[in-house]
Amino acid sequence: MTDYEKFASQIIEEAINIQQIAAPTFSEKKRSEHVFKLFCEKGLENVFTDELHNVYGRIPGGDAHPVVLTAHLDTVFDESTDLAITRENTRIHGPGIGDNSLGVATLVGLKDVVDTFAEKPAGDIILVANTCEEGLGDLAGIKQVLKTLSHECPKAYIVLEGHKLGRIYVKGVGSKRYKITAVSKGGHSWIDFGEGSAVHALVRLGAELTDLKVPLDPKTTFNIGVIQGGRSINTIADNAFLLLDLRSIDPFALENLVNQAETMIKAFNTEKATISYEIIGTRPAGEISKDSDLIRLCQKVHKSHGFDLNLSAGSTDANILFSKGIPAVCLGLTRGKNSHLESEYIETQPFAKGLSVVAHILEEIWSIP
């Protein structure tokens, strides 16, 4: 067994421990406390948490500007989700195991990996397990990380995601998210039949929103992910809402979709319900040049490990970094599928190679201008 296979096996077991701690967005505190303890046990320096429960630790290096590695703590699954793990040959199934328990566990295990380097890193390696990446978190965690570490002037950020090994994320998918609310008089379904129903109004508006026009290229999407409202089957609903997600890899295409949606909402007319909306999340689009030294290094290391070059777009913590022109990249650690579903799984065998990719990038990153 190689060192990377040994480290990978240990990290996977820690990923399972982390996955067993529920961490819905805005409720990451327990998982944050667990990672804080692990960072201390690993002997990381300057371990602390901030007001958003981001956890920081440091592997000391030389005097050069530090490199920051991040992985998000939160998941899309609520507290009631069954987090049971099942193993099937070389696959491990469990909600959130790849997105992003494996990424967080990799932060925990990196100290052991770095200790095997032939030379001490030229600068510190700052590890951050951050909150609020998923759903309505609006990337609040990574925004706080940038504020906290601004005085460090990091050389680069590397964002780790458990899935998508072999992909190098160089472009952030922009998004805008809405909560659309309907309010009406409501009443008893028999006695007050004919009074305005918030649910009826909202589903009619939702049907219209599904007719939004989007281009195939650049890829642009919309999704009504949640619709809630009403009190009972025999009550005319007086309140209901839906959550609408608009995305595009192109800022202009996103702006066009936003204008379409807002025009449609404002034009929607019903005498018996009031419709309003609020913006509940904005992820800026952005990218790093494919010709940048950081991306060239990542490409070289991936190619040396046998991966075809796959430069991709995604919606991750790196969106904020890309939008601000900060040198950054988002990397996948192993293969897997079904992110955001309870049937999610990771493949264990490729992870040693993914861990080796991250390590070799860290060994060489201070050599680039």
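The lining of the largest pocket divides into 13 nonpolar, 17 polar and 11 charged residues, where Ala, Val, Leu, Ile, Met, Phe, Trp, Tyr, Cys and Pro count as nonpolar, Asp, Glu, Lys and Arg as charged, and the others, Gly among them, as polar. This is a predicted model, in which local features need pLDDT of at least 70, side-chain atom pairs count only at pLDDT 80 or more, and totals for chains, interfaces and linings use all residues. Residues are numbered from 1 along each chain as its sequence is written, and side-chain values use heavy atoms, with hydrogens and water left out.

The largest pocket has a volume of about 1200 Å³. On a 1 Å grid over the protein atoms alone, a pocket is an open set of points with protein on both sides within 12 Å along at least five of seven lines, a cavity is a set of points where a 1.4 Å probe fits but cannot get out, and lining residues have an atom within 4 Å of a point. Grid points are joined across faces, edges and corners, and a volume is the space filled by probe spheres set on the points. Of the 41 residues that line the largest pocket, Glu134, Arg177, Arg247, Ser315 and His340 lie nearest its centre. Elements that each supply at least two residues of this lining include helix 3 (97–114) and strand 7 (156–165); helices (H or I, at least four residues) and strands (E, at least two) are DSSP runs, numbered from the N terminus.

The second largest pocket holds about 280 Å³ of space. Its lining has 18 residues, with Glu195, Gly196, Ser197, His200 and Ile236 closest to the centre. Helix 5 gives the most to this lining, with four residues.

One cavity of 30 Å³ or more is also present. The largest cavity has a volume of about 50 Å³, and its lining has six nonpolar, four polar and two charged residues.

Turning to the rings, the structure holds two aromatic pairs (ring centres of Phe, Tyr or Trp, the last by its six-membered ring, within 6.5 Å; planes under 30 degrees apart are stacked, over 60 edge-to-face, the rest tilted). Phe48 and Tyr56 are stacked, at 4.4 Å centre to centre with 5° between the planes. The centres of Tyr178 and Tyr277 are 5.6 Å apart and their planes stand at 65°, so this pair is edge-to-face. Tyr178 lies in strand 9 (residues 174–184) and Tyr277 in strand 14 (residues 273–283), 99 residues apart.
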